[in-house]
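I set out to record what I looked up in this structure, entry by entry. The entries move from the whole chain to its parts.

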Amino acid sequence: MGAAARRWLLIAIPYLWLLIFFLVPFFLVFKISFSQTNIAIPPYLPVFEWTDGFAVWMEKLRQLSLDNYLWLTEDPLYFNAYLSSLKIAFVSTALALAIGYPLAYGMARAPAHWRPLLVMLVILPFWTSFLIRVYAWIGILRREGLLNQFLQWLGVIDQPLTIINTDIAVYIGIVYSYLPFMVLPLYAALERMDESLIEAAQDLGCTRLAAFWKITFPLSLPGIVAGCMLVFIPAVGEFVIPDLLGGSDTLMIGRTLWVEFFSNRDWPVASAVATLLLLILVVPIVIFQYYQARTREAETR
Amino acid sequence: MRSLGNIRRSFAPWSDANAKAMISIRNVTKRFGDFTAVDNLSLDIYEREFFALLGASGCGKSTLLRMLAGFETPNEGAILLDGVDLTGVPPYRRPLNMMFQSYALFPHMTVADNVGFGLKQEKMAKPAIAERVAQMLKLVKMSEFAGRKPHQLSGGQRQRVALARALAKQPKVLLLDEPLGALDKKLREETQFELTDLQYDLGLTFVVVTHDQEEAMTMADRIAVMDAGQIRQVATPAEVYEAPNSRFVADFIGSINLFDGEVTRSDAALTELQSPEGFALRMVDGQSRGIGSDLTLGLRPEKIAVTHTKPNSGVNAVEGEVWDLAYLGDMSIFHVKLDSGKIIKASVVNASRSGSEVFTYHDRVWLSFAEDAGVVLER
């Protein structure tokens, strides 16, 4: 096999992977989003069969319509769910950044022999199932939970706080779950920064704080963008956390999707919701990719 | 003091009793845990001086420079600038600027923004900043690169930008940490002279840290040879080379042959040693030494003559066998093994294209040197 052929094979593997496990399922969902519900297996119409022949296929294609998308615009539930998801994801990302930046900064400034341990501590929660960790928060946040007991023992509050089944619990859950995804890219950006840059800034007349804002912060921007995207994108579509920690009025698109798919068995509308969610997320993903490419470009030159 | 070397300096405030030091380092000690990086060190540096701190890595030279810049605080002692104690003054308020070994150029800013950074912190007006930046870039011959980012520059160009940035605020003193360390040999040699010219033209005080003795000798007015947190000798390059005050300095600067011996005769003019190898060494010393005391004669390779025949005078001459030789173009290096087994290094300048005397391995040769060629070192 020639060198060129081997190179193409190497390039083809990840693209083939994406084609099979991402693009094909997406097109299936995309197609279903134009179908109608039907009480059958599968629960939608039309169903394309290999044995149909060209004429039947054309006939079935004509049955596809935009009805489901129109339905999404008619019922304000969906619009509100999207909006609420974006809001929750945005606030969670901001909180994760506010907590994660000082954490990553402290890690990057720690003595070099401590850093691997600190990085491991950040990754450590992944050793336990995500679902179990979210369940554990129920035990902490519920009315008779650890947090309320602790605060009452301290005497800060007389009556237990209602945190579980509110948006606050959802914020806590998302920030907790996605914090490592914020910390790690920030740490990577801060850790490789040359300490002498800060000294040079101080030498040229900056206080430590001014040196941080003029040097450290702009140089950590790629890390900030990467961290925010890694938190924001999965948070928008999050289902487990709002379902377990959120209240009945916590509106998130992941939950709406679940209800459409499994409770209402309305696969076509659920597919339309999923397709629209993807379109909404494409914008931040493109921004993320742009920054990644730019950082890589600056490094290789 | 006799004049040493062949360069006479008209600038020598350190030998003027009335001259006031610009930087005064007084009994400064800096410890990191159990390690003493700088040990009770005192030093005066004068205005317009090009001063070099020379030493091997870990000798404390960089720590001393960082204390001048304000990045480290002395555990004991004080550093004075024009009579003002700098202790407790943060780096951003010190009228000194530093050029970093890594250059520490801000990667997200253009060359012009890097150079103007310090001026912007001073809240200088924009047109004035632009003017000064242009002036600085012209000084270091980097005007056409003003819009580039640091990663688009070569190592030598970055060095120039770092220099321009450090000079832009017109500091009283410029501190340079291994300023030429990252450059290749040819560029380093060119830049050495450019730096000294620049320092002279601007009338600034430079304090440079280096491990490269050639660099220190080329550029500096005075050199402080450092070892284990202390200064072993502070003197002009010629003094450090021709009149080292100790075996350490003699050995550290350049290469040298050391002959141990016992004083057999000594007066104000001449001192004679009997070496254990069995020959007599006679040299001009300038002071009377005690008969029977142990001394060392230090002799630089280039001060030894190599001949096939025994020199006429017969004084300060010793016979040996050519053990190794190397032709370097401008000179040739001989390693001559004495009958005692001691190896002596000698270098001969190749003044004519065809050597008047030709040597090869295992030739019997005579090594000889003048009575004022060596330096007497106490053991």
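**Model and conventions.** I worked from a predicted model, in which local features need pLDDT of at least 70, side-chain atom pairs count only at pLDDT 80 or more, and totals for chains, interfaces and linings use all residues. Residues are numbered from 1 along each chain as its sequence is written, and chains are lettered from A and ligands numbered from 1 in the order in which they are written.

**Confidence.** I noted an ipTM of 0.82 and a pTM of 0.81 for the complex, as given by the predictor.

**Chain B overall.** I found 8 helices and 20 strands in chain B; helices (H or I, at least four residues) and strands (E, at least two) are DSSP runs, numbered from the N terminus. Along the principal axes, the C-alpha atoms of chain B fill a box of roughly 75 × 50 × 40 Å. Of the 379 residues of chain B, 39% count as buried, that is, with 20 or more other C-beta atoms within 10 Å of their own, C-beta atoms being placed from the backbone.

**Domains.** I read chain B as domain 1 (13-95 + 171-251) and domain 2 (255-378), with bounds from an automatic or database domain assignment. Their C-alpha centres lie 34 Å apart. The contact (C-beta atoms, placed from the backbone, within 7 Å) takes 7 residues from domain 1 of chain B and 6 residues from domain 2 of chain B. On the domain 1 side, helix α8 (residues 247-252) of chain B gives the most, with 3 residues.

**Sheet.** I traced an open sheet of 6 strands in chain B, with mixed pairing and the order β6-β7-β8-β3-β9-β10. Two strands pair if DSSP finds at least two bridges between them. The edge strands are β6 (96-99) and β10 (230-235) of chain B, each pairing on one side only. Within the sheet, strands β3 (residues 50-54) and β8 (residues 205-210) of chain B run parallel and are joined by 5 bridges. Phe51(B) stands opposite Val207(B) in β8(B).

**Contact with chain A.** I recorded 19 residues of chain B in contact with 16 residues of chain A. On the chain B side, β6 and α2 (111-121) each supply at least two residues. The largest share, 3 residues, comes from α2(B).

Key. Two residues are in contact if their C-beta atoms, placed from the backbone, lie within 7 Å. A residue is buried if 20 or more other C-beta atoms lie within 10 Å of its own, exposed if 12 or fewer, and partly exposed in between; C-beta atoms are placed from the backbone.
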